[in-house]
Amino acid sequence: MVLSLRCGFAGRARRGLGVLFVLLLVLGRCPEAVRAAPASRPNVILILADDLGWSDLHCYGNADHDTPNLDRLATQGMRFTEGYASAPICSASRASIITGRSPARLGFEFVVKKPGTPFPKGHPLNPPPYPVRLPLSEVTLGEAVRPAGYVTGFYGKWHLAQHYQFYLGWSPTHGPLQQGYEEGNMEFGSHPYGDRFRKPSEMGPLPPGDYGDDKLTDLAVDFLRRHRQDRFFLQLCHYYVHEPIRSRAQWLVEKYAERLPPGTPRIRAVYAAMVETLDHLVGQLLHAVDQLGLAENTVIIFTSDNGGNPKYAANGPLRGGKWSLYEGGIRVPWIVRWPGHVPAGTTSRAPIIGSDLMPTLCAITGAPAPAHIALDGINDLPIWLGETKGDFGRVLTWHFPYYHPEIGYEKAFARVGINDFHLSQTHPQSAIRRGDWVLLHFYDSPHDKLYRLTGDLSEQRDESTKHPAEAHDLRRRLDAELRHMHARYPTPVASTPASVAPADGAASHP
């Protein structure tokens with residue numbers, strides 16, 4: 001399946017004069033933003049994986065998975081051990097990445113739903129109305145960097161508006177091409193999402209050593225080839241390793257079936273094959289960057305939208321996984337490479353989060369930060385460059401006021417575990433981290449949970465009764481942060497919701 005899209009008004013024939021005009025405009029409006037940029041403004045490639053867990057890569061301690069390309073990327077740049085997603089679920093995290101604003105401020109805390117989608121029954125609380133789409137009024141990364149002379153491309157998963165024609169189909173009114181990206185394609189590549197579009201002859205097993213063709217990666221490489229003389233921003237959003245968990249590379253599945261401990265469910269071998277396939281596809285893009293002579297002046301960022309799906313990913317030693325605000329649901333792999341600028345082979349413990357990408361990429365590209373809009377991220381560039389170790393006392397917050405799973409909640413595990421490979425019951429919750437302390441607040445429970453990550457990375461020892469002052473102060477700070485962001489809250493089922501989603505399904509500026 002190839003569904004190619006391009007903005008008609010953004011042709012290359014007028015790009016030279018257009019770039020000159022917008023640069024003069026930027027210099028007139030915000031000269032300090034341009035002066036703050038590095039002397040040589042680099043190209044930027046943001047690679048976003050889907051549901052890839054913090055512990056899924058070999059370079060993050062997974063001895064079972066082979067991920068040589070991402071391991072090599074880590075040795076060539078900086079690997080963050082405490083990088084976070086802004087949400088434990090896809091759409092909310094992606095909305096935060098692309099706007100620099102938290103899901104709580106956006107009113108975009110879950111995956112997009114049709115307007116009026118009913119809430120699951122049998123719970124004491126109703127969540128806020130589900131988000132419908134990212135409003136066009138929100139400023140995206142693509143819209144932010146274009147005035148600085150960057151050609152923008154978006155390839156892969158969007159999931160910030162209603163599905164159009166088929167699952168994950170881009171909206172023709174609220175897709176990336178309407179929000180700052182000049183070129184793009186929703187192609188599924190070799191991911192099982194695309195199986196419905198394949199011929200039977202394309203569905204057979206692959207020969208040993210063959211990972212299969214991936215048109216999504218090919219399209220991204222073609223974007224690089226066509227714009228190698230331009231300054232560009234490429235956002236490549238893979239569908240791997242999201243379910244359905246299937247692989248045509250049976251040779252790869254067998255490799256992991258033999259490697260994993262006896263008795264391991266075969267689905268985990270298939271999942272491992274998908275992780276290695278993702279690594280292979282990233283390797284193809286990195287090879288193209290090298291072959292095109294772009295490596296020295298290109299920043300490459302690799303991360304994931306949320307923690308690993310607990311049904312398949314071994315997120316341990318972190319507790320929980322996707323859909324949970326325990327560390328396994330929000331801590332993600334995060335690698336940055338920029339030769340000659342980001343120190344190679346370094347590791348950082350600085351806490352960073354998805355919403356940081358907007359101010360950071362504005363600083364790198366010389367683009368002015370969105371005006372009159374409250375951003376929740378900070379500029380991480382000094383950390384990337386090794387100029388500072390980062391703020392280890394930084395306050396980070398998360399807001400997930402929903403129950404999950406939506407169907408079969410009563411059959412899910414009551415306790416959020418570690419590497420139990422089962423769905424657990426998620427309650428409406430918010431979380432805050434300050435230093436090594438993490439507090440989780442559950443809206444249907446009178447008791448908060450307090451953990452100290454130093455010595456308890458798996459969040460097994462609730463310290464709230466032992467350190468009541470710390471718990472009280474963090475809860476007070478969490479409540480203040482959420483009020484400041486005009487967060488939406490769950491309400492008792494018998495009452496009228498206190499906050500109703502705006503027409504576009506997200507909060508208004510600021």
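Visitor: Why does Leu 168 count as buried?
Guide: Buried means under 20% relative accessible area, exposed means over 50%, and partly exposed is in between, with a 1.4 Å probe and protein chains only. Leu 168 has 4% relative accessibility, so it counts as buried. This is a predicted model, in which local features need pLDDT of at least 70, side-chain atom pairs count only at pLDDT 80 or more, and totals for chains, interfaces and linings use all residues. Residues are numbered from 1 along each chain as its sequence is written, and side-chain values use heavy atoms, with hydrogens and water left out.

Visitor: Where does Leu 168 lie?
Guide: Leu 168 is in the loop between β6 (151-156) and β7 (183-185). Its phi is near 70°, a positive value in a residue other than glycine. Helices (H or I, at least four residues) and strands (E, at least two) are DSSP runs, numbered from the N terminus.

Visitor: What makes Glu 459 count as buried?
Guide: Glu 459 has 0% relative accessibility and therefore counts as buried. Glu 459 is in the loop between β16 (449-452) and α13 (468-484), and its phi, near 50°, is again positive in a residue other than glycine.

Visitor: Why are α3 and α9 called oblique to each other?
Guide: The axes of α3 (residues 68-75) and α9 (residues 266-291) cross at roughly 55° and come within 7 Å. Angles under 35 degrees count as roughly parallel, over 145 as roughly antiparallel, 65 to 115 as roughly perpendicular and the rest as oblique. The two helices are therefore oblique. Axes are lines fitted to C-alpha atoms, for helices over the stretch in contact, and angles run from 0 to 180 degrees between N-to-C directions.

Visitor: Which residues in α3 and α9 meet?
Guide: Pro 68, Asn 69, Leu 70 and Leu 73 in α3 meet Asp 279, His 280, Val 282, Gly 283 and Leu 286 in α9, where contact means heavy atoms within 4.5 Å.

Visitor: How do you know that α9 is mostly covered?
Guide: In α9, 19 of the 26 residues are buried.
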